[in-house]
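Me: Hi! I'd like to talk through the charged pairs in this one. Could you help me out?
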Amino acid sequence: MAYDGSELVDIACVTTGLFIATRLGADPGYEVTLATLGGREVRCDSGLRLKAQARLASRFETVDTLVVSGGLGHEDATADARLVGHVRRLAAQSRRVASVCTGASVLAAAGLLDGRRATTHWLYARRLAACFPQVHVAPVPVFIRDGHVATSGGVTAALDLTLAFIEEDHGHELARRVALGMVTYLQRPGNQAQMSMFTSVPRPDDLLIRRTIDRITSNPGADLRATTLAAWAGVSVRQLNRLFRDQLGEPPGRTVRRIRLEVAARLLAATDLPLAQVAKQCAFTSAETMRQAFVQRYGVSPSHFRTTQRRAATFDVCNTRAGSSEA
């Protein structure tokens, strides 16, 4: 659902991700509907206008996933009793409910986040916590799932959440293919910080380094020694080292290690793979080697990380509070 002042990227990350999944063979596929108050056209933050396909007041036969977009108009949306009432009503008949970015405030106003952990764009986290003290706000994660309700961080975190939904519905391989199709990094685990190494480190200006990083990210278990990467890139090892130091401030080996650890964190959070298998997929020589690297990077062991941080793999169907009267 959207409202005036919605962020277009919040909407597009979800709709495009689901469309590509369907095009790549998701079975069943996704049918996406954009709903607004009165079925009216909405004006996005950027000034572009989107036509709605349905009214929020409509009686939908089925609602699998309800997603509330974020945007600068979220405060007006949160204050609109009709809109909030429709969200509460639709949430009660949905398998899962989610918000993107500041859309969390709409879910909070509907009472859907009471007693739950939730996140939002880090810039608005303090305000969400102050306005809705019954919500346990965590400003760091990319996304959080608590029961059948999910909330995501700022803007492109919507893509991470969408990939997580696709993986849950259709498996890791389809989610990976969608990520490749959208030319994005491997899906970040929900507990990964919103400003992870992939967002806090500037994207290199050098095309060769960008392509090399993409290769590392897409193939963390491959032979990624400097000599192998240099041969693939068509440069000398000395040149590759110089470019990595100039662009990233570190040698390629350190970048490879960091990316492998991020992928390992995702696997630990998202799967039940044994530690030895996670280590193997990320090219660590043993589970112990991975454990040492993990402790050095994250300050906790892989097993502790999995126990305390792994995302919920299933959603419990629960009854939310009944919605207000129709507009």
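Me: Which residues are linked in a network of salt bridges?
Reply: D64, R95, R96, R145, E168 and D169 are linked in one. A salt bridge here is a side-chain nitrogen of Lys or Arg within 4 Å of a carboxyl oxygen of Asp or Glu. This is a predicted model, where local features need pLDDT of at least 70, side-chain atom pairs count only at pLDDT 80 or more, and totals for chains, interfaces and linings use all residues. Residues are numbered from 1 along each chain as its sequence is written, and side-chain values use heavy atoms, with hydrogens and water left out.

Me: How far apart are E168 and R96, N to O?
Reply: The N to O distance in that salt bridge is 2.8 Å. E168 lies in helix 6 and R96 in strand 6, so the pair ties together parts 72 residues apart in sequence. Helices (H or I, at least four residues) and strands (E, at least two) are DSSP runs, numbered from the N terminus.

Me: And is R96 buried or exposed?
Reply: R96 is buried, at 1% relative accessibility, while E168 is partly exposed at 23%. Buried means under 20% relative accessible area, exposed over 50%, and partly exposed in between (1.4 Å probe, protein chains only).

Me: What about D64 and R96?
Reply: Their side chains also meet in a salt bridge, at 4.0 Å, N to O. D64 sits in strand 5 and R96 in strand 6, 32 residues apart.

Me: New topic: which residue does E250 form a salt bridge with?
Reply: E250 pairs with R258, the closest N and O atoms being 2.8 Å apart. E250 is buried at 6%, and R258 is partly exposed at 21%.
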